[in-house]
Amino acid sequence: GWVTLNGQQALNLARARGDESAGDISYGFPDGDFERTLHQRQMLLALKQKVTTGSVIANPIRLGQLFDALGSNVKTDFNTSNVERLYDLSKKIPDSKIKSLSLNNANGQNLLQSYYADGQDALVPALGVNNYSAIQSYVDAQLQQ
């Protein structure tokens with residue numbers, strides 16, 4: 001069911017990932033970074049829902065608190081009119097029209113593979129470096145739904 005998190009709990013969830021190297025004391029989630037990014041996407045949608053409610057927008061104190069929190073944690077070159085325009089545009093987008101896709105479980109298929117170069121781990125398209133055709137097809141199909 002629904003769970004309401006306080007700020008610290010939400011931050012902990014957004015940061016949690018699995019750690020297979022910890023052996024029998026592993027923590028986090030079995031899909032590691034993939035599950036972490038899923039939770040981050042969920043939180044962004046929840047934040048959009050919360051911010052665009054009348055109880056926040058119509059309340060100068062809550063709006064001020066929101067801007068204080070954003071100002072302390074978000075760096076941008078948006079000016080006030082840019083923020084107002086972004087708000088006007090975002091409130092017109094119903095949540096049902098927002099899609100959040102995962103490329104590691106795209107209809108049961110992993111569209112990504114591990115890649116190791118110059119001492120760095122990364123993810124690249126499963127079909128090979130710079131071959132985004134399967135990813136593009138998946139995204140196109142999702143946009144048609």
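Which helix is arginine 36 found in? Arginine 36 belongs to helix α2. The model is predicted: local features need pLDDT of at least 70, side-chain atom pairs count only at pLDDT 80 or more, and totals for chains, interfaces and linings use all residues. Residues are numbered from 1 along each chain as its sequence is written, and side-chain values use heavy atoms, with hydrogens and water left out.

**View A. Arginine 36 in helix α2.** Helices (H or I, at least four residues) and strands (E, at least two) are DSSP runs numbered from the N terminus. Arginine 36 counts as buried because its relative accessibility is 16%, where buried means under 20% relative accessible area, exposed over 50% and partly exposed in between (1.4 Å probe, protein chains only). Not counting residues up to four places away in sequence, arginine 36 touches Ala14, Arg15, Ala16 and Arg17; contact means heavy atoms within 4.5 Å.

**View B. The largest pocket.** This pocket holds about 2,100 Å³ of space. Met43, Leu47, Lys48, Val51 and Leu66 are the closest to its centre among the 47 lining residues. A pocket is an open set of points on a 1 Å grid over the protein atoms alone, where a 1.4 Å probe fits, with protein on both sides within 12 Å along at least five of seven lines; lining residues have an atom within 4 Å of a point. Helix α2 (33-51) is one of the helices that supply at least two residues of the lining, and α2 gives the most, with 12 residues.

**View C. The hairpin of β1 and β2.** Strands β1 (residues 112-117) and β2 (residues 120-125) run antiparallel and are joined by six bridges; two strands pair if DSSP finds at least two bridges between them. Leucine 112 stands opposite proline 125 in β2. Two residues lie between the strands, and aspartate 118 takes a positive phi near 50 degrees.

**View D. The largest nonpolar core.** Five residues make up this core: Ala106, Leu111, Leu112, Ile135 and Tyr138. A nonpolar core is a set of buried Ala, Val, Leu, Ile, Met, Phe, Trp, Tyr and Cys residues joined through side-chain atoms within 4.5 Å. Leaving aside neighbours within four places in sequence, leucine 111 is in contact with residues including Leu103, Val124 and Pro125.

**View E. Glutamine 142 in helix α6.** Helix α6 covers residues 133-144. Glutamine 142 counts as buried because its relative accessibility is 10%. Leaving aside neighbours within four places in sequence, glutamine 142 is in contact with Lys99, Leu101 and Asn107.

Technical notes: Points joined across faces, edges and corners; volume = space filled by probe spheres on them.
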